[in-house]
Amino acid sequence: MQLLNQILFGIYPYIALSVLALGSVIRFDREQYTWRSGSSQLLRRKQLVMGSVLFHVGVLTIFAGHFVGLLTPIWVFDALGVPHGAKQILAMAAGGVAGVLCLVGGMMLLHRRLFDPRIRATSSFGDTAILILLMTQLILGLATIPVSAGHLDGHEMLKFMTWAQGVFTFRPGIADLVADVHPIFKAHLVLGMTILLVFPFTRLVHMLSAPVWYLNRRGWQLVRTRRAMPLRRETAAPTYAAVAKLPRDTVEAVRPDALKAAE
């Protein structure tokens, strides 16, 4: 068990993060035409809109909460006077609400892909598989709330914060920090790292392509008028090498106007 714990929480995080970084760069460089979400809005719009809104609001809130909650140094919360117990209660409440929204929206999206024949026919294995992985991860995350309610002092949360920050700072022995936590937390962590591992090979890559460059982009507008506009004189077409080799009488018969203009 000690060896397995070391592999899952001491080695596997670096494998997942390395594949996430390198795989995303390689895919963007070599397969930009596949770098998209592949919307099926034309096939069934109403359920897609509601499910997509709920899912994205929930998942963005969860992502922001995990990012800030796990990677913010502990001394920052101490300096702000935020007790660890209060931080855990806030994480349980906000994460629970966002998790339910995300789960409902995700189930609506998954239902479309599994039970609508047209959408199922246009969906790839990866589209369905990543949704199932995300829904399983959400269920595991919601299942950790009752376990966390049994110890509201924030001690367990400190372990996860120290472990996550230790991964990014290459701290030795980080796997020992989560060796004695509840199995539901371990399953949640392992599946989360697995999602990061497969991230570059799924439609999730569109998360990295928020079109913020449009904010500073010059716009243009195509205007068509109903007024009768005078016709412009046709400009002389260039004489290509293949035409130049033809006899002059043949060329004159083909493009007399162009030759006269050129002369």
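Among contacts in the chain between residues at least 6 apart in sequence, what percentage join residues at least 24 apart? Then take me to the packing of helix 1 and helix 7: at what angle do they pack, and how far apart are their axes?

Modeller: This is a predicted model: local features need pLDDT of at least 70, side-chain atom pairs count only at pLDDT 80 or more, and totals for chains, interfaces and linings use all residues. Residues are numbered from 1 along each chain as its sequence is written, and side-chain values use heavy atoms, with hydrogens and water left out.

Your percentage is 79%. Contact here means heavy atoms within 4.5 Å. The chain has 11 helices and 0 strands; these are DSSP runs, with helices (H or I) of at least four residues and strands (E) of at least two, numbered from the N terminus.

Now the helix pair. Two packed helices are described by the angle between their axes and the distance between the axes. Helix 1 spans residues 2-30, and helix 7 spans residues 155-168. Their axes are 10 Å apart and meet at an angle of about 55°. The axes are lines fitted to C-alpha atoms over the stretch in contact, with angles from 0 to 180 degrees between N-to-C directions. Helix 1 and helix 7 are therefore oblique to each other. Oblique is what remains once angles under 35 degrees (roughly parallel), over 145 (roughly antiparallel) and 65 to 115 (roughly perpendicular) are set aside. Their crossing is right-handed: the near helix is turned clockwise from the far one by less than a right angle.

Which residues meet? Helix 1 brings Phe9, Pro13, Tyr14 and Leu17. Helix 7 answers with Trp163, Gly166, Val167 and Phe168. By class, this contact has 7 nonpolar residues, 1 polar and no charged ones. Gly counts as polar in this scheme.

Alanine 91, in helix 4 (residues 84-115), is in contact with Met157 and Gly96, leaving aside neighbours within four places in sequence. Alanine 91 has a relative accessible area of 37%, so it is partly exposed. Its C-alpha lies 9.5 Å from that of isoleucine 62, 29 residues away in sequence.

Arginine 203 is in the loop between helix 8 (183-198) and helix 9 (241-244). Arginine 203 is buried, because its relative accessible area is 19%. Arginine 203 and tryptophan 35 are 168 residues apart in sequence, yet 7.2 Å apart in space, C-alpha to C-alpha.

Terms used: Buried means under 20% relative accessible area, exposed over 50%, partly exposed in between (1.4 Å probe, protein chains only).
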